[in-house]
Amino acid sequence: MGYTVELMDLIKRVEKTRPERVMKKKAGQEFPALTLDQRRDRLEKYHPDFRAGALRELRIGPSRGISVAQEIADTFEARSRVDPDQIDLNEVHYETDVLVIGGGGAGTAAALLAQEEGSRVIIATKLRHGDANTMMAEGGMQAATKSWKDSPYYHFLDVMGGGHFENDPELVRTMVTEAPKAIAWLEKLGCMFNKWPDGKMFTLHGAGTCRKRMHYAGDMTGAEIMRTLRDEARNRVKDIGVLEFSPAVELLTDEKGRCSGAVLYNLETEEYFIVKAKAVIMATGGSGRLHMSGFMTTNHYGATGDGLVMGYRLGVGVRFLHATQYHPTGAVFPEQAEGLLITEKVRGAGANLVNIDGDQFVFEREPRDIESASIIRECEKVGKGVPVPGQVGRFGVWLDSPMIDMLEGEGTVEREFPAKFILFKRYGIDISKLPMLIYPTLHYQNGGLAYEPDGSTKVEGFFVAGEVGGGVHGANRLMGNSLLDITVFGRLAGQTAGKFVKDRTGIGTLSVDHVRRYHKELEEAEIGLDRVSPMVLPDYGNPEVRKRQWTSHYVGTLR
Amino acid sequence: MSAMVQGAVQQTESSSEAAVRTDLVPIFIMGKRYMVPSTLTIQKAFEYAGYQLIRGCGCRGGICGACATVYRMPGSSKISVGLACQTVVLPNMYLTMVPFFPANRAVYDLEELKPEAQTLMKYYPELAKCMGCNTCTKSCPMEIPVMEYVSAALRGDVEKAAEISMSCVMCGICASRCPAELGQYNIAIMCRRITGRHIWPQAQHVVEMVAKIDSHRYDKPLEQLMKADLETLRKLYVERQMEPHTAPEDWTPDDKSMI
């Protein structure tokens, strides 16, 4: 275990340049940051979003003509798992007021608020309740709660600047004004945010914030929020039912085109079920497991963007799906830690990024997109990347964590980054003594389905919450705003849907006409009908084994 | 080497990938032999062997608790544990995932709970059956001293139980191994929620900010930003005062008109 002999040899070069780099850092001499013009140039030349072939124009559907990531376009330009001519919609297997699709933070918050409006709720989720990107969020949750120095006004400015001023301002206003209420709500549900003895909450800076407003629970804020919300949903078992391993694969409407339920697929028994609901809340999260441009990802196993395509077929347009967030520092070695997020805090604490010669090539506190583009440039253009052992053609650069102990004193790395320290130690690597090999990793879906501040969409009965929606973060989300997004818009969508079902008198005849129309569009655009979506699960199976599965028939990635 | 390893049926060399790969090691998934690359985690080894995982796979990053795994090495009586996504395969290990294990969970109303021993005994009377064997602690993949928080809960020290169990991923291995049949992780989250709600003081600054927002203090400032053209917005953004990294908690900005 530990680094290979070859890597240990290469690390000697890093060690050789380290004392001088530390000295410069102590003297306040930083590697020069890029100017705004240089930044633009670097993004356009090296950021994966700008690569030739990274995006393509959608040929059908409500956002026809808009460019999105190729892998997302593939799921949009595909037929449904449901055959409109075969499906029997007369036999309804479940009936409820509100159907929530997705059992992560946004979906669970929505379920709780809908229940408080008096609704009976079903949460349908692909994996277990809570197996979601929310669980994996480490850093924290932004909210302007300290009125002696901060306000929603400054939070608004930060969010807009981070998103290159392209964000939907109405959504941003809602998010920043609801933020303190979201914190108060989580606190009341028993979330253990880090606090002083008098109850005042700890807050930190994130990249791009002008005030310290990131609230956190150790380095597992998302897990603390997720398990608390899930526990509360379990206490309301009388009204909130959960169907695990039952992803939705298509939406249903009534004859007036109002969203009226969904088709679920039981992954274990391979059965399909019809759920009739007065309102549907889409909260399926992101799409990192589509591996945009072939990148590894920090996302959970089920993040395949299912809700995007279901909403799109229903007629809801998309925004900002050309912008994918790559986190600059994902582990590439050892293999078993691949894609694992190394928090931004490591660079914040002073660790340089260096190439195979041990030389710096970028200032370590550039914004995420610039930092990522610079690492890609160093490996692909300059050719000074470090070869990843056992993986031909893959490179990384060093994140020089031992500098932190030299700058801040022995033991700092272990104290400040306990989770990462233990993890690497498990693999025989002491990151207080040896650098980490990293490369940008696919982290977040900046865009998604278009929705209103109250969670509603242009389709009656259909609501959206969390990462599956797009607009609030513009083209680039800031650290700490995703946990905020899922809490605020999960709550609002739940509330709005709960109120909506009270006024909805009944559900007419169930229909999948929208799917029929969509399939016709596919045909007219001469797009082959061989692809099927949503993907549901990524395929990490062994192709050698697949060859021997003589009698298996696969629809997409699933049998 | 156990007899089972030596006697196991093996694929012919030419038909298996072992013919071209030299880095493969045998593992026994639920007793059945597979050759897998020695660098893989148990999770990826399952996939390499040909499984499309449905159960036993969630975040793939060691925090969701979906992939609890138990294993034993041949010739050893010791049961070891790990998360499949975090544990690298060992040659000749016998393993199974435990993606689900039934555990008692009480339904409760958090608002009505009191932070005392009687509360826990009321909802989880089986706590009293703990015989102090410490198997739970020995079987925690997160290296939490599980029995210590069970003892704290028994004593009514809810806050202590909450703190000790903070990094629990609720994978359930403790419950699967407990001779007293406790569902430790469900008791732990009840302790944490009681602590967050009823023991730790509420953050007053959050209450105050919510009141200010509800009194429409920020409606006009935000309206101004909504109406501002791009140039104005950029200017306000660039010129906004940064709270220094090292500023003390009571730092205040020069311009207080927008707070």
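Biologist: How many residues has the largest nonpolar core, and which of them have the most contacts inside it?

Modeller: This is a predicted model, in which local features need pLDDT of at least 70 and side-chain atom pairs count only at pLDDT 80 or more, while totals for chains, interfaces and linings use all residues. Residues are numbered from 1 along each chain as its sequence is written, chains are lettered from A and ligands numbered from 1 in the order in which they are written, and side-chain values use heavy atoms, with hydrogens and water left out.

The largest nonpolar core has 154 residues, and A:F76, A:L251, A:W398 and A:F462 are those with the most contacts inside it. Such a core is a set of buried Ala, Val, Leu, Ile, Met, Phe, Trp, Tyr and Cys residues joined through side-chain atoms within 4.5 Å; buried means under 20% relative accessible area, exposed over 50%, and partly exposed in between, with a 1.4 Å probe and protein chains only. Helix α15 (residues 482-503) of chain A gives the largest share of this core, ten residues, where helices (H or I, at least four residues) and strands (E, at least two) are DSSP runs numbered from the N terminus. At least three residues of the core come from each of domain 1 (5-30 + 325-443) and domain 2 (95-323 + 446-503) of chain A, the bounds being those of an automatic or database domain assignment. In soluble globular proteins, nonpolar side chains tend to be buried together.

As for the domains of chain A, the C-alpha centres of domain 1 and domain 2 of chain A lie 32 Å apart, and their contact takes 21 residues from domain 1 and 18 residues from domain 2 of chain A. Chain B is divided into domain 1 (5-97) and domain 2 (110-199), with 31 Å between their centres, taken over C-alpha atoms, and with eleven residues of domain 1 of chain B in contact with ten residues of domain 2 of chain B.

Chain B also holds an open sheet of five strands, in the order β2-β1-β5-β3-β4 and with mixed pairing; two strands pair if DSSP finds at least two bridges between them. Since β2 (32-37) and β4 (80-83) of chain B stand at the edges with a single partner strand each, one side of each is left without a neighbour in the sheet. Neighbouring strands of this sheet are turned by 35 degrees against each other on average, direction ignored. Strand β1 (residues 24-29) of chain B runs antiparallel to β2(B), joined by six bridges, and B:L24 stands opposite B:P37 in β2(B). Helix α2 (residues 42-49) of chain B lies across β1, β2, β3 (68-72) and β5 (94-97) of chain B, at about 105 degrees to β2(B); axes are lines fitted to C-alpha atoms, for helices over the stretch in contact, and angles run from 0 to 180 degrees between N-to-C directions.

Charged pairs complete the picture, with 60 salt bridges over all chains, each a side-chain nitrogen of Lys or Arg within 4 Å of a carboxyl oxygen of Asp or Glu. One of them pairs A:D158 with B:R240, whose closest N and O atoms are 2.5 Å apart; because A:D158 lies in helix α6 (residues 152-162) of chain A and B:R240 in the segment after α11 (230-239) of chain B, the pair joins two chains. Both A:D158 and B:R240 are buried. A network of salt bridges links A:E116, A:D231, A:E232, A:R236, B:R105 and B:R193. Within chain A, the side chains of A:E178 and A:K181 meet at 3.4 Å, N to O, and they are separated by about one helical turn because they are three residues apart in helix α7 (residues 169-188) of chain A. A:E178 is buried, at 18% relative accessible area, whereas A:K181 counts as partly exposed, at 23%.

Note on methods:
Contact = heavy atoms within 4.5 Å.
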